[in-house]
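This report describes the chain contacts, helix packing, nonpolar core and local backbone features of the structure shown below.

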Amino acid sequence: MVELNIQTFVFFLFSLFTLGGGLGVATTRNLMHAALWLILSLFGVAGLFVLLSAPFLAAIQVLVYIGAIAILIIFAVMLTRSLTSLRTLFNRPAMSAIAAILLFLFLAVGVILPVWGQNGTQGNLPVSDTVGSTADLGVALVDRNQYVLPFEVASLLLTAAMIGAIVIARDDED
Amino acid sequence: MAVLNEWAFIGVFFAVAWVFPILPIVGAWLIRPRKPNRVKLATYECGVETVGDTWVQFKVQYYIYGLVFLVFDVEMILLFPWALAYKQLDFFAFAAGLLFIFLLADALVYAWRKNALEWF
Amino acid sequence: MPVGDCLNNFSACLVRGGASPDIANFISILLGVVLVATVPLVTVIFLIWVERKFAARVQDRLGPNRVGPFGLLQTIADALKMLSKEDITPIGADRFIYNLAPIISFAAVILMWAVVPFTAQHIGADLSIGILYFIAVASIGTVKIMVAGWSSNNKYALLGAFRTIALLLSYEVPLVLALLVPVLIAGTMSMQGIVRGQLGMWYFFMAPVAAIIFFVANLAETGRSPFDLLEAESEIIAGYNIEYSGFKWGIFMASEFLHAFTAALLAAVIFLGGWSGPLAEQIPILGFFYLGLKTAIFYLLSLLIRSTVPRVRVDQVMAFNWKFLVPLSIVNVLVTAFLLKVIQTLGLAPAPDRATDVVANLPQTAVLLVGNLVVIAFALWLTRRGVRAERLAEMEHEEEAVHEMAHSHAAAGD
């Protein structure tokens, strides 16, 4: 079924980072520790990208997510007062556990299996042998018939994000 | 698979890069003296006792710098594939890149005019 | 180099010896990793000596000259001293993260060495995204500062960490934008590919503005003068590493020196042609020597700047970045892209079979160089205009103030 070679081992290691980091974020009481667990999780995702032969996306993951977004999250966390002692307002573990399991079953059976499972709508797509390189991505981004419009709209979206953030953050000025 | 070999090198390098600093730290832990007392362990504040919580007034300016950096970061990573494939493409690629960069330079000018880039 | 050949065929040797191919591969990778990781460690010992001697000579004193011949063993003596110092972890510090920060610091800098092309045949890992890997690893550095600053449980460490991160984030923008230019010219992100692209003409002559921006942004990123306000001993004491003592502090310092050297190394690889030079491909050790020479040029330049230029104020630093460097680097990318298309249309680029010929690269270089000089001239003209306007406004202000004083004196005197 699953061959035991080095790739599988590395895949399990990075999946452990990703899921373990996510679990750490959700369960720790210390906001700063939660941010660090998040960084571990994002790093696991970067490793998974490398295994999928997408090194460019792995580098982007580290550069943008860990280098910028995680730092911004930590900055945002600094704005709150009690970093180390969060008080839980809603502490009913039994109900929370049942709700979590129900949600998981709903997602797994209702969404993931019908689409990507054995007989799902996307399940039988053949895995291609050729892997696109980053240069191919570059060609696709400015090709008239491919992705040039989303490329430009992305720039517009980034501009709007920056303007919006500046307007909100400097709300105390005139 | 040769490509994955390169990344295997990086993976092993990563593991070794973490082990290298740990060795002397452990060595130091074995060698050094251990005589903690209250004064030595106190937080450093130029020789006086600390007053109040360890919490600083977080200026929102730090956050704005991070935000502007984030927008430029995403812009630059979208420009890297463009730069890679640039030589094989025609003039339309230049025009598309020009429009892309121009829109973001526009955002920079806005931030400049609204004094979002000042260090207060 | 026979050692290199032995290494390249080591896994084959092991397989013939009976080990399975996977294990043989792993062992040869491990050996390569240890070899590549040892080079920066040996370098940093020598580097700290160079730094201290240079700074001492500029300040008209001798520098370390007692321990070993010419003081060469001073760094080792210091390291031994730091190993035996008491390590004081302050109360209330988050122990696990507090100990993690120096490790991340050192690991982040050493990781950059994995993609450095030492010679034509010896490189750690020739990734297809070499430059992006370097930038990604450089951006991990901000995490270590945050972690160190916060886990020290010290107001000043936290404040220092915030300022440092704001500075590092700001200067990463022109750094990456300046690195777009060699990628545009070379058409590849792999380090070995960029060095091979420079066999005809170094990128320093094709893109001097990008080289200068890269160098200046690296000065800020590595916290060297004139941007060393982060550890200005007279101001914020030691910034984010106040509470670190003993060998952990030593690791922070060592990784900072190594970062500065690594930045110079990468500048030499990307803009000065790395290992390229006469006979570098036939005799690999010569390539290594050329690389060392070119790195020394950049590194000694940064040492010179450090010893002579005064510190810049933090708001000036930020203004310089966002109002000068970032627009300059954006304009630089656009001008280079435009000129490359012009070169392509006019057919000035050298034919692929003559790509390593210096003369064949001259027309392309000339066009790009002229474009860069125009950009520099324009930037300087704009700056002069802005400075002149400011100075005029200041002079008018002063005249008004003098007038006011004269009036008030006259009014009071009567």
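Of the 120 residues that make up chain B, 37% count as buried. The model is a predicted one. The secondary structure of chain B consists of four helices and zero strands, and its elements follow the order α-α-α-α from the N terminus.

### Contact between chains B and C

Where chain B meets chain C, 51 residues of chain B are in contact with 64 residues of chain C. On the side of chain B, at least two residues each come from helix H1 (2-31), helix H2 (38-41), helix H3 (60-84) and helix H4 (91-113). The largest share of this side belongs to H1(B), which supplies 18 residues. By residue class, the side of chain B that touches chain C holds 40 nonpolar, five polar and six charged residues.

Within this region, H4(B) packs on helix H13 (residues 314-346) of chain C at an angle of about 170°, and the two axes are 11 Å apart. Angles over 145 degrees count as roughly antiparallel; H4(B) and H13(C) are therefore roughly antiparallel to each other. From H4(B), the residues that make this contact are B:Phe91, B:Phe94, B:Gly97, B:Leu98, B:Ile101, B:Ala105, B:Leu108 and B:Trp112. H13(C) contributes C:Lys323, C:Val326, C:Ile330, C:Val333, C:Leu334, C:Ala337, C:Phe338 and C:Lys341. The residues of the contact of H4(B) with H13(C) comprise 13 nonpolar, one polar and two charged.

### Contact between chains A and C

Chain A also touches chain C, in a contact that takes 15 residues from chain A and 16 residues from chain C. Helix H2 (31-51) and helix H3 (55-78) of chain A are the elements that give two or more residues to the side of chain A. H3(A) gives the most to that side, with 10 residues. In composition, the side of chain A that touches chain C has 13 nonpolar residues, two polar and no charged.

### The largest nonpolar core

The largest nonpolar core has 192 residues. Those with the most contacts inside it are A:Ala59, C:Leu132, C:Ala161, C:Leu180, C:Val183 and C:Phe214. Helix H7 (residues 155-186) of chain C provides the largest share of this core, 23 residues. From chain A, the core draws at least three residues from each of domain 1 (1-85) and domain 2 (133-174).

C:Leu180, one of the core residues with the most contacts, touches B:Leu79, B:Ala83 and C:Val333, when residues up to four places away in sequence are not counted. C:Val333 is also among the residues by which H13(C) contacts H4(B).

Conventions
Residues are numbered from 1 along each chain as its sequence is written. Chains are lettered from A and ligands numbered from 1 in the order in which they are written. This is a predicted model: local features need pLDDT of at least 70, side-chain atom pairs count only at pLDDT 80 or more; totals for chains, interfaces and linings use all residues. Two residues are in contact if their C-beta atoms, placed from the backbone, lie within 7 Å. Ala, Val, Leu, Ile, Met, Phe, Trp, Tyr, Cys and Pro count as nonpolar, Asp, Glu, Lys and Arg as charged, and the others, Gly among them, as polar. A residue is buried if 20 or more other C-beta atoms lie within 10 Å of its own, exposed if 12 or fewer, and partly exposed in between; C-beta atoms are placed from the backbone. Axes are lines fitted to C-alpha atoms, for helices over the stretch in contact, and angles run from 0 to 180 degrees between N-to-C directions. Angles under 35 degrees count as roughly parallel, over 145 as roughly antiparallel, 65 to 115 as roughly perpendicular and the rest as oblique. A nonpolar core is a set of buried Ala, Val, Leu, Ile, Met, Phe, Trp, Tyr and Cys residues joined through C-beta atoms within 7 Å. Domain bounds come from an automatic or database domain assignment.
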